[in-house]
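The exercises below ask you to work through two interfaces, one inside a chain and one between chains.

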Amino acid sequence: MEEEKQTRKGKYAADFSSFREAEARIRPFIHKTPLLSSESLDALSGRHLFFKCELFQKGGAFKFRGACNAVFSLSDDQASKGVVTHSSGNHAAALSLAAKLRGIPAYIVVPKNAPKCKVENVKRYGGQIIWSEPNMQSRESTAAKVLQDTGAVLLHPYNDGRIISGQGTISLELLEQAPKIDTIIAPISGGGLISGVALAAKTINPAIRVLAGEPKGANDAAQSKAAGKIVTLPETNTVADGLRAFLGDLTWPVVRDFVDDVITVEDNEIIEAMKLCYEILKVAVEPSGAIGLAAVLSDSFKENPAWKDCSHIGIILSGGNVDLGVLWHSFKR
Amino acid sequence: MEEEKQTRKGKYAADFSSFREAEARIRPFIHKTPLLSSESLDALSGRHLFFKCELFQKGGAFKFRGACNAVFSLSDDQASKGVVTHSSGNHAAALSLAAKLRGIPAYIVVPKNAPKCKVENVKRYGGQIIWSEPNMQSRESTAAKVLQDTGAVLLHPYNDGRIISGQGTISLELLEQAPKIDTIIAPISGLPVVRDFVDDVITVEDNEIIEAMKLCYEILKVAVEPSGAIGLAAVLSDSFKENPAWKDCSHIGIILSGGNVDLGVLWHSFKR
């Protein structure tokens, strides 16, 4: 699949000025999400935790920021035929909503095994669904056909400078809301969120640490860091349905150079963290969204001397789109 | 049960100055809770809705405001023997936490059928539980005995001017966060002072409450308890929508009062 490659002054896909532009561009459309804190969770973790509630973002996840920035960056000419993507997740709904706000069509290729609530979101925001088989080849070929039929602009879920710049606006808000933060933990899948968050945060405070949370059953980012190049997996196996993508050629360099570590956790740790979010924070987070808390509570984080001075930690609760039935059965396990 | 009756200049249990005092008194301890909004819920209701998230308050419900105001209003003498109450709900945990922050004991009479998560909250905040049978007579007589044994101060869950003043600080925040609000909807349980200041009571069925809870989870992404979702149920009810008296209510503040719910109970409600 061809992505719109952004050529920028620096060597990375986004920079300080692209973050500031994105912030101004998306400001009329997004929610500035609140920070929550809990003394109970501080006691449990031994740190001061600040939860950035991107699950309250429009469309129920942070994806709307990047989608908005991309859609509203298009010239009228480019936008006129609409936008297309393939996504089983939050990017699909986010793009549908951004397109609806701009008054252009959104063609969303959705694999047949996509979570029901995420499909409902696409419909609610006016996206036009084209079904594909649940494998990458079918997703891509179906998207290519739609592209050909409609002439729409293809917008990748994460490997795109405009998407990365949109996600980076989270750091701008977070560090304004809690300037004491010395560490940020975000989920990692294709790397769009963490690339934006890491680049933007380190521009503001070069000493800040940025860590990624990843499922052990989808630990391609951890393997990539260890290998020094992009590693992909033949299959993924995790309850965190939003974290199954692999790094792209724009996100990998940022992850390589700006993400200090990838902390991998088991599914049962993710579910435990979800329970804590529900029971203590009172937020309905999806599994992918809770992984930052799982990472902070994990032995590998607690026992690593490199992170003993991380005292004020921003955790990004990235999304809240979860089928309540799936949720309940996870909790009962 | 004897309540501490507040005699105030006006005829009601709280007034502007008691609210302002409460705000200053509890400010170091409480969370200033956020407002959430959703265009989907605005479309569904035909109004602009602003959700005041008291479920994010310490202890998981708004009760902490009143409990804090009451506990920190006590003189050192009054406070020295601790506080006591009987409650199956959020007031129990709120009082435990407020007492813990003041460094005094909290004796909580809890009926045996209290929700598990609310009992857990009391323990988590250091409240000392004394069990009673699940009826009002047993709750009151057990509380009377604890009172006698400890000399602690009895703090009623709601029928107390200091408690009412604490809860009123919600309005001070809400109207500062969203000055356009022309209507506020809140759950009602044992609240007094209803006769003269509450414009209407909207009653809803349990299935409407559960539907509203689902919307809170699925659209707002907040884990609200049934009592906490009732404001949204009210706004979506036919009796509200069709009442000409409320046709001009366009900017509505809804108080999501609490989020302490057993996930098992929740799930079985949703499956009904």
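**Exercise 1: the interface between two domains**

In this predicted model, the domain assignment of chain B gives domain 1, made of 2-61 + 163-271, and domain 2, made of 63-154. Describe how domain 1 of chain B and domain 2 of chain B meet, beginning with the separation of their C-alpha centres and ending with the residues on the side of domain 1.

*Solution.* 

Step 1. The C-alpha centres of domain 1 of chain B and domain 2 of chain B are 24 Å apart, and the contact draws on 25 residues of domain 1 of chain B and 21 residues of domain 2 of chain B.

Step 2. The area buried between these two domains of chain B comes to about 1,800 Å², with 56% of it given by carbon and sulfur atoms. Of the area that domain 1 of chain B buries against domain 2 of chain B, 28% is supplied by Arg25(B), Phe29(B) and Ile163(B), more than by any other three residues.

Step 3. Turning to the polar side of the interface, one counts 3 salt bridges between domain 1 of chain B and domain 2 of chain B, and 14 residue pairs in polar contact, both residues being at pLDDT 80 or more.

Step 4. On the side of domain 1 of chain B that touches domain 2 of chain B, the elements giving two or more residues are helix H1 (16-26) and helix H8 (161-177) of chain B, and H8(B) gives the most, with 7 residues. The residues of this side of domain 1 divide into 8 nonpolar, 9 polar and 8 charged.

**Exercise 2: the interface between the chains**

How many residues of chain A are in contact with chain B, and which three residues supply 34% of the area that chain A buries against chain B?

*Solution.* 

Step 1. The contact involves 25 residues of chain A and 24 residues of chain B. Chain A and chain B bury about 2,100 Å² between them, 65% of it on carbon and sulfur atoms, and the three residues asked for are Lys282(A), Leu324(A) and Trp328(A), which supply more of the area that chain A buries than any other three residues.

Step 2. Between chain A and chain B there are 2 salt bridges; Glu39(B) forms a salt bridge with Lys58(A), where the closest N and O atoms are 2.9 Å apart. The count of residue pairs in polar contact between the two chains, both at pLDDT 80 or more, is 12.

Step 3. Helix H2 (39-45), helix H12 (267-281) and helix H15 (324-332) of chain A are the elements that give two or more residues to the side of chain A that touches chain B, and the residues of that side divide into 13 nonpolar, 7 polar and 5 charged.

Methods. Residues numbered from 1 in each chain as written. Chains lettered and ligands numbered in written order. Predicted model: local features only at pLDDT ≥ 70, side-chain atom pairs only at ≥ 80, totals over all residues. Heavy atoms only, no water. Domains from an automatic or database assignment. Contact = heavy atoms within 4.5 Å. Buried area = accessible area lost by both parts, 1.4 Å probe. Salt bridge = Lys/Arg side-chain N within 4 Å of Asp/Glu carboxyl O. Polar contact = N/O pair within 3.5 Å; in protein donor to acceptor, adjacent residues only side chain to side chain. Helix = DSSP H or I, 4+ residues; strand = E, 2+ residues; numbered from the N terminus. Nonpolar A, V, L, I, M, F, W, Y, C, P; charged D, E, K, R; others polar.
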